[in-house]
Amino acid sequence: MEAASGVGRAARRPHPHPHPYPGSLGPEAAPPPLRLDEDEDEDEDDLEVFSKDTSLADMNSFSPLPTSPLSMVNQYKFEDEPDLKDLFITVDDPESHITAIETFITYRITTKTSRGEFDASEYEVRRRYQDFLWLKGKLEDAHPTLIIPPLPEKFIMKGMVERFNDDFIETRKKALHKFLNRIADHPTLTFNEDFKVFLTAQAWELSSYKKQGPGLLSRMGQTVRAVASSVRGVKNRPDEFIEMSDYVEIFSQKINLIDKISHRIYKEEREYFEEMKEYGPIHTLWSASEEDLVESLKGVANCIDRCCKATEKRLSGFSETLLPGVHEYVLYSETLMGVMKRRDQIQAELDSKVEALTSKKTEKESLSEEIGKLEDKMECANNALKADWDRWKQNMQNDIKAVFTDMAEKNVHYYEECLAIWESFLASQTTDLHLEEASEDKP
């Protein structure tokens, strides 16, 4: 604790160098990332399966949509934020760093707080992705059955040409921002000491603090015990955790399918947009060779160009809201599987001690003491998971509703905008046609 407090006090002093990492550069520009090319036949099968199988909905995990989407979104924001928020975190200003060994990105983390346990009201530090991984690992170690928010994947997706292009950096920055703010909003994780150090310590201080953790042999021992527990398995898992495990399995299947279909729709919409962009210039060139249809063809070209802009705006919302929103819960499904596995490891360890106690009459006293501690640990783990499960489920329902409601509103606005463009053009053409007919009827 004294070391951690020292780190916090040191963080109040400004760092002598504005960039503690060597080789600081600005973000590098690069072409936008490519998406995965999904197999068309598989995608059609996925759509058919998804339309027929509604077992996730049958589990009452989603309540009906409210009558007003906007009121629902406002309600979601109100419920997701505490009444008196006292910790505000912003992740921004990504920077590229090039050293003789590696190239990496750091992000500025600005923290403003009114909490008494912090030595100052505002901190500014820089962190790289490995630091976020360290924090997530420490939170999992300290709270094995709490649902830790997911981090974006470490490695880039298949098909992405440039690792540090602007789109990739921006997407990761937003995901890291959400990760830290979800921790800050969590009733337990927000007071974790490692989280405080992560937000306040400068780069060299954090590096020193990391070395105070358990040694390699201790970590290896924990890993061996975890593997042994997983091999041994759980004999009598309580019914409520069996239901949780079943829910997680079905949720994982559904959310992965939604994620895959969403990427397929985005890919098709992007192809449609690229094709539509070519039609505007084609109609403009066509008008040069059709004297009688010049205005009509130019009007069509103008309508296409305006629809292209509306489509581009819609695609931007798709990639910034729907895709990352759905994919976050793909990662959450993996997190949930890890949480269930860690709970089972605690129970497996408890079961093994109980078996040892029944088979051995000697060392009964020490085993009874160990069993008592494990029973307490099991009870705490179960209670923590049950409480966090309800909280996560409510947030998940609100998040997914908000994402799809927002996308639905944008789709409605998009189609209304395109419809208005073409109706306006057709009305003008009808008026011109009537004027021409009237002029021809005059003697």
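Predicted model: local features only at pLDDT ≥ 70, side-chain atom pairs only at ≥ 80, totals over all residues.
1. Asp 92 stands opposite Arg 108 in E3. The strand labels follow DSSP runs numbered from the N terminus (helices: H or I, at least four residues; strands: E, at least two).

2. Residues are numbered from 1 along each chain as its sequence is written, and side-chain values use heavy atoms, with hydrogens and water left out.

3. Strands E2 (residues 87–98) and E3 (residues 103–113) run antiparallel and are joined by 10 bridges; two strands pair if DSSP finds at least two bridges between them. Four residues lie between E2 and E3 in this hairpin.

4. E3 is also joined to strand E4 (residues 122–128), again antiparallel, by seven bridges. Within that pairing, Ile 109 has Val 125 of E4 as its bridge partner.

5. Why is E3 described as largely enclosed by the rest of the structure? Eight of its 11 residues are buried, where buried means under 20% relative accessible area, exposed over 50%, and partly exposed in between (1.4 Å probe, protein chains only).

6. Asp 239 is located in helix H10 (residues 239–288). Asp 239 counts as exposed because its relative accessibility is 58%.

7. A surface patch of negative charge gathers Asp 239, Glu 243, Asp 246 and Glu 249. Patch residues have over 30% relative accessible area and no salt bridge, and like charges are joined within 9 Å. A salt bridge is a side-chain nitrogen of Lys or Arg within 4 Å of a carboxyl oxygen of Asp or Glu.

Technical notes:
Patch = residues over 30% accessible without salt bridge, like charges linked within 9 Å, V, L, I, M, F, W, Y side chains within 5 Å. Areas by Shrake-Rupley, 256 points an atom, 1.4 Å probe, with all protein chains shown as cover. Lys, Arg positive; Asp, Glu negative; His and termini not counted. Charge placed at Lys NZ, Arg CZ, Asp CG, Glu CD.
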